[in-house]
Amino acid sequence: MEPRWNCILLDIEGTTSSVRFVYDVMFPFVLRELDHYLETNWNDPSLGPVLDQIAQDAGSESFVAWTSDCPDEPSRREKVAAEIRRLMADDVKATGLKQLQGMIWKDGFERGEMVAQVYSDVPEALEAWTSAGLRVYIYSSGSIAAQKLFFGHSEAGNLLKYFSGHFDTTTGPKKEAKSYDTIAAEIGEAAEKILFISDVTAELDAAREVGMETRLSIRPGNKPVEEGHGHEPIASFSQVSLG
Ligand SMILES: CSCCC(=O)C(=O)COP(=O)(O)O
Ligand SMILES: [Mg+2]
């Protein structure tokens, strides 16, 4: 039987993995390591573009302009740390924040201090879908670097071989239809041939607006959703029927 879709696009938090793991393990890791990370990596060239992105997310044209009120390096670092803590307290999915989080998580995943949680149906489904010839992509607010660390160090082992590509907020916000148009174009598929699975109805609405098929991920600990969204709910990837 011909599969109804050629591609499956997956969200992470609340879909492949629990919200709890992100909030109880990954975010506390960042808050614990933040000051030390900034101090030890301050002159690392890879940090510069991320600091510019954080400044731009805050409405400034560059990091230099944003920190022009800071008299010295420690106060510039403190401004960054305070902004990161503020964004995380409000759970803002800002690109600069997500890039910095990914850089901080690197050590945690590579040292084995963090092992990404994935629901038990996820590896089985990835295997079944890719064996059936489907391509699987990730679209998460977590940076692409963080996504690769996450699935490269999961409790089911390295799952990266299953993914044909990764998207994050550098493609566009997850609640905007244009982002899904861009993804379809980059994947090289008609939107109607892509199934998007997420726990957030506003993301599913945006994907549906451009013609993607959708499924609402219902996992333990996910935020409750309003009635009347019209997205078919699934509690496990095993409920995705390909035919
Ligand atoms: C490697 S993803 C880490 C989780 C995260 O930071 C996040 O914002 C997840 O958001 P999602 O879009 O996957 O719900
Ligand atoms: Mg999610």
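**A tour by question**

Biologist: In this predicted model, which residues in α5 meet α7?
Modeller: Two residues are in contact when their C-beta atoms, placed from the backbone, lie within 7 Å. On the α7 side, Ala145, Ala146 and Leu149 take part. Their partners in α5 are Lys98, Gln101, Gly102, Trp105, Lys106 and Phe109.

Biologist: And how many residues of that α5 and α7 contact are nonpolar?
Modeller: Ala, Val, Leu, Ile, Met, Phe, Trp, Tyr, Cys and Pro count as nonpolar, Asp, Glu, Lys and Arg as charged, and the others, Gly among them, as polar. Two residues of the contact are polar and two are charged. The nonpolar ones number five.

Biologist: How are the residues numbered?
Modeller: Residues count from 1 along each chain as its sequence is written, with chains lettered from A and ligands numbered from 1 in the order in which they are written. As the model is predicted, local features need pLDDT of at least 70 and side-chain atom pairs count only at pLDDT 80 or more, while totals for chains, interfaces and linings use all residues. So the count begins from 1.

Biologist: How many helices and strands are there?
Modeller: Both are DSSP runs numbered from the N terminus, with helices (H or I) of at least four residues and strands (E) of at least two. The count for the protein is nine helices and six strands.

Biologist: What is the radius of gyration of the protein?
Modeller: For 243 residues, a compact globule would come out near 18 Å, by a rule of 2.2 Å times the number of residues to the power 0.38, over C-alpha atoms. The value for this protein agrees with that, at 19 Å.

Biologist: How do α5 and α7 lie, roughly parallel or roughly antiparallel?
Modeller: Helix α5 (residues 95-110) and helix α7 (residues 144-152) pack with their axes 8 Å apart, at about 25 degrees. Angles under 35 degrees count as roughly parallel, over 145 as roughly antiparallel, 65 to 115 as roughly perpendicular and the rest as oblique. So α5 and α7 are roughly parallel.

Biologist: How are α8 and α9 placed, oblique or roughly parallel?
Modeller: Their axes are 7 Å apart and the angle is about 55 degrees. Ala177, Ser179 and Tyr180 in α8 meet Ala206, Ala207 and Glu209 in α9. The two helices are therefore oblique.

Biologist: Is alanine 206 buried or exposed?
Modeller: Alanine 206 sits in helix α9 (residues 201-209) and, leaving aside neighbours within four places in sequence, touches Lys175, Glu176, Ala177, Ser179 and Tyr180. A residue with 20 or more other C-beta atoms within 10 Å is buried, one with 12 or fewer is exposed, and anything in between is partly exposed. With 24 such neighbours inside 10 Å, alanine 206 is buried.

Biologist: Where is aspartate 91, and is it buried or exposed?
Modeller: Aspartate 91 belongs to the loop between α4 (73-89) and α5. Its phi is near 50 degrees, a positive value in a residue other than glycine. Since 11 other C-beta atoms lie within 10 Å, aspartate 91 is exposed.

Biologist: Last one: which residues does threonine 171 contact, leaving aside neighbours within four places in sequence?
Modeller: Threonine 171 lies in the loop between β3 (163-167) and α8 (177-187). With 17 other C-beta atoms within 10 Å, threonine 171 is partly exposed. Its contacts are Ser179, Thr182 and Ile183.

Methods
Axes fitted to C-alpha atoms, helices over the stretch in contact; angles between N-to-C directions.
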